[in-house]
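Okay, thanks everyone for coming.

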Amino acid sequence: MPTPTEQHWSPTHGEAYRPVPYRPQRMPTAETLARAAELRARMGERRTVRHFSTDPVPEQAVRDAVACAATAPSGAHQQPWTFVLVKNPDVRRRIREAAEEEERISYDGRLGEEWLAALRPIGTDAVKTHLTDAPALLVVFQQRYWLADDGTKHKHYYVDESVGIAVGMLLSALHQCGLAALVHTPSPMRFLSEVLERPTNEKAFAVIPVGYPADDCEVPDLVRKSLDQVLTEV
């Protein structure tokens, strides 16, 4: 019989509902408001970065950010995500070459003029230096189903929503650690499963370079919607 360290995690399908107490200490109102204001200001500084320094980042900070992302809520608590930290330079080069090939096709017309027009103010193009410049590269996969020990397939639920929430929490965690990131979604992304040799139940969701902004980094002069524009109270 395998030891606890040898056992693989699997969803608790078929087991009885077993609630446990949850009694977090309630934060004083003044502290709640102070933390909320501080977080709002801090997150307001977050920007998507496409020009990274090659300076190394603390890998444990990246791992801890992934651990934070993995606390995200998920449909039926099935946690349908895999995060791949790509460190091998040759693998990263192959990812960049494949991504740029797909992007060239997209920018040459596959995206359509309406989509290309929306991208022009952002200043993006088919050259993806961030895939090899950023010192850390995370590829997020969504698990469309899970495999039981006997090889049978079992459906995951709300996969897109669950993985999307996890990626949002990942970006927040990285920013809180002082690291910059970019959500890159080359389309199609099948090459990522091939290069990284992922199992057939996984589908690439996003590529996220992580690092520090380059000394000459520039970002678009964008304006975020105000709270009044995104919040309706009834």
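I'll start with the overall layout, then go through the sheet, and finish with a few individual residues.

First, a word of caution: what you're looking at is a predicted model. The protein has eight helices and six strands. If you read along from the N terminus, the elements go α-α-β-α-α-α-β-β-β-α-β-α-β-α. The C-alpha atoms fill a box of roughly 55 × 50 × 40 Å along the principal axes. There are 234 residues, and 35% of them are buried. One number I like here is about contacts: of those with a separation of 6 or more, 80% are between residues 24 or more positions apart.

Okay, on to the sheet. In what order do the four strands of the open sheet come? They go E1-E2-E6-E5, and the pairing is antiparallel. Strand E1, residues 81-86, and strand E5, residues 180-181, stand at the edges; each has a single partner strand, so one side of each has no neighbour in the sheet.

Let's go across it pair by pair. E1 and E2 are antiparallel, with six bridges between them. As an example, Leu85 stands opposite Leu138 in E2. Next, strand E2, residues 136-143, pairs with strand E6, residues 202-211, over eight bridges, again in the antiparallel sense. You can follow that pairing through a few residues: Ala136 is opposite Val210 in E6, Phe141 has Ala204 as its bridge partner in E6, and Gln143 sits across from Glu202 in E6. Then E5 and E6 pair over two bridges, antiparallel too.

Helix H2, residues 59-69, lies across E1, E2 and E6, and runs at about 170° to E1. Helix H6, residues 159-176, packs on the sheet as well, where it touches E1, E2, E5 and E6, and its direction makes about 10° with that of E6.

Let me zoom in on some residues. Pro80 is in the loop between H2 and E1. Is Pro80 buried or exposed? It counts as buried, because its relative accessibility is 1%, and the cut-off for buried is under 20%. Pro80 and Gln142 are 62 residues apart along the chain, yet their C-alpha atoms are separated by 5.7 Å. Setting aside neighbours within four places in sequence, the contacts of Pro80 include Phe141, Gln142 and Gln143, along with His156, Val159, Ser162 and Val163.

Phe141 turns up again in another spot. Arg198 lies over the face of Phe141, at 5.9 Å from the ring centre. Ser193, in helix H7 (residues 190-195), is in contact with Phe141, Arg198, Glu202 and Ala204, leaving aside neighbours within four places in sequence. Ser193 is buried too, at 18% relative accessible area. And while we're on rings, the count of aromatic pairs comes to zero.

Last topic: cysteines. A disulfide is a covalent bond between the sulfur atoms of two cysteines. How many disulfides are there by the distance rule? The count is zero. For Cys177, the nearest cysteine sulfur is that of Cys68, 7.0 Å away, and the cut-off for a disulfide is within 2.5 Å. Cys177 is partly exposed, with a relative accessible area of 42%. Cys217 is in no disulfide either, and its nearest cysteine sulfur, that of Cys177, is 19 Å away. Cys217 also counts as partly exposed, at 23% relative accessibility.

That's my tour, so over to you for questions.

Technical notes. Residues numbered from 1 in each chain as written. Predicted model: local features only at pLDDT ≥ 70, side-chain atom pairs only at ≥ 80, totals over all residues. Heavy atoms only, no water. Buried < 20%, exposed > 50% of the residue type's maximum accessible area, 1.4 Å probe, protein only. Contact = heavy atoms within 4.5 Å. Pairing = 2+ DSSP bridges. Axes fitted to C-alpha atoms, helices over the stretch in contact; angles between N-to-C directions. Phe/Tyr/Trp six-rings, centres within 6.5 Å; stacked < 30°, edge-to-face > 60°. Lys NZ or Arg CZ within 6 Å of the ring centre and 35° of its normal.
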